[in-house]
Amino acid sequence: MTRHHGYALLAAMAALVVAISAAIYVGVGIDDGTHRQETFTRAPRNSAAPASTGVWVGAWAASPSGSEPGTEQDGLAGRSVRNVVHTTAAGTSARVTLSNLYGQQPLTITHASLAVAASADTPAAAADTMRRLTFAGNPTVVIAAGQQVVSDAVRVAIPHDSDVLITTYSPTPSGPATYHAHARQISYTAEGDRVADATGEPYTTQTLHWRYVTALDVLSNESDGTVVVLGDSLTDGITSTVGENRRWTDVLSGRIRAAAGSSDSPRYSVVNEGISGNRVLTDGNGRPAENPSGLSRFQRDVLGRTGVKAVVIDLGVNDILRNPGQADPEAITTGLRRLVDRAHARGLRVVGTTLMPFHGHRGYSDQRESVRQAINAKIRSGNVFDTYVDFDKALRDPYDPRSLRSDYDSGDHLHPSDKGYARMAQIFDLEKLKGSAPAEL
């Protein structure tokens, strides 16, 4: 081989390596039928570049549920928004997804950061964990209305079962702000650009919303994939204790981690895609729809999540309670099967749940109870999901099966207490999460 040919071969090999590397980190825009804004999240040119070992999994997620009231004009311009999110997987690198789904004009983020919290219930960062986030190598990103972007990966040790601080600053009006309404977690805001502040002292305003951020992924050596839980307020944890991570998905994550490596339990992280009031079939109002149905958001919130291996679906009760006429159990179970079909097309296993009782709730009627029973009968027959977990049987009052057991009831006769949420996770057979989708015949 001549020296000229040798140089040409080396140049070709280098170009191939660069092309492959660029293809590894690709952020996917929202699949809402509009033009996608895709952000190519190559490793930033700094010491925080990600290591290349492990598997990318979801450590936390929350579905954007609507536009935040009071932000219609200015959004959150001039304020630093420090979201506190809780991880279900450890990793050596991290990246975040930011959403402007409900914005009506471009959202300009000039400064964003990620850090591990110094402790629970604080906006302060642990020492040496503050990282500046970049987007295709740039510290500033403009997110078009209705779109999302994924940051570059940064190298930082993310522990499991820990709080992470994700902070953004936008200097210009961009309302309305995209948010998740019921976080059950205290986050913070500060006046001015305080994104790099590690003390937390300027963050004097508290909020129970998550703003803009919809996912935290980590490069993990302890998890092999992600379980996505698609649900309503029962998954959102609407009555669980604020700041204590007592949603049933939090307890489930702890069980999976404790059982990892034993028997046939999977090594999966868990991400919670619950929206309070969510239905299988019907969107909320607005364009784009606030509180989009399970069918509408399945691509974005389930198939679009990182490393998804299995799906848990806990939906249907709001299709009964929020139907002004007589809810049709066949229509609801048909909708659930459509979700299952879409998961199977991606080779994903689907675990369903029975619908829990709500006697005593203001929306209860004997007719609605008969619809719930009909849906549960379909689920138990094995004709809806690959397998199911019987939340109804586990939490109902044995002396009045139309009602939650009193110690599992938060008091509104629909949502569980912390003890009830824990019970939901405790009766979940972890082995049901393993396995592939049935073969198409």
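Colleague: Before we get to the helices, how are the axes and angles defined?
Modeller: An axis is a line fitted to C-alpha atoms, for helices over the stretch in contact, and angles run from 0 to 180 degrees between N-to-C directions. Keep in mind that this is a predicted model.

Colleague: Fine. At what angle do α4 and α6 pack?
Modeller: At about 30 degrees, with the axes of α4 and α6 10 Å apart. Angles under 35 degrees count as roughly parallel, so α4 is roughly parallel to α6.

Colleague: Is that crossing left-handed or right-handed?
Modeller: The crossing of α4 and α6 is right-handed.

Colleague: Which residues make the contact?
Modeller: From α4, Gly294, Leu295, Phe298, Gln299 and Leu303; from α6, Gly335, Arg338, Leu339, Arg342 and Ala343. By class, five are nonpolar, three polar and two charged.

Colleague: How many residues of α4 are buried?
Modeller: Eight of the 10 residues in α4, which spans 294-303, so the helix is mostly covered. Among the buried ones are Arg297, Arg300 and Asp301, along with Leu295 and Val302.

Colleague: What do they pack against?
Modeller: The buried residues of α4 pack against β19, β20, β21 and α6.

Colleague: And α6 with α7, at what angle do they cross?
Modeller: Roughly 40 degrees, and the axes of α6 (residues 329-344) and α7 (residues 366-380) come within 9 Å. That pair is therefore oblique. The crossing of α6 and α7 is right-handed.

Colleague: Which residues meet there?
Modeller: Pro329, Glu330, Ile332 and Thr333 in α6 meet Val371, Ala374, Ile375 and Lys378 in α7. That contact has five nonpolar residues, one polar and two charged.

Colleague: Changing topic. Where does Ile275 lie?
Modeller: In the loop between β20 and α4.

Colleague: Buried or exposed?
Modeller: Ile275 is buried, because its relative accessible area is 2% and the cut-off for buried is under 20%.

Colleague: What does it touch?
Modeller: Leaving out residues up to four places away in sequence, Ile275 touches residues including Ser63, Pro64, Gly231, Asp236, Asn291 and Arg297. Ser233 is also one of them. The C-alpha atoms of Ile275 and Ser233 are separated by 5.7 Å, though the two residues are 42 apart along the chain.

Colleague: Last topic, the cores. How many residues are in the largest nonpolar core?
Modeller: There are 60, and Trp248, Phe428 and Leu433 have the most contacts inside that core. Beyond its neighbours within four places in sequence, Trp248 is in contact with Val229, Leu234, Val312, Phe391, Tyr421 and Phe428, among others. A second, separate core has 33 residues, including Val81, Val85, Leu133 and Ala177.

Terms used
Residues numbered from 1 in each chain as written. Predicted model: local features only at pLDDT ≥ 70, side-chain atom pairs only at ≥ 80, totals over all residues. Heavy atoms only, no water. Core = buried A, V, L, I, M, F, W, Y, C linked by side-chain atoms within 4.5 Å. Buried < 20%, exposed > 50% of the residue type's maximum accessible area, 1.4 Å probe, protein only. Contact = heavy atoms within 4.5 Å. Helix = DSSP H or I, 4+ residues; strand = E, 2+ residues; numbered from the N terminus. Parallel < 35°, antiparallel > 145°, perpendicular 65-115°, else oblique. Left-handed = near helix turned anticlockwise from the far one by under 90°. Nonpolar A, V, L, I, M, F, W, Y, C, P; charged D, E, K, R; others polar.
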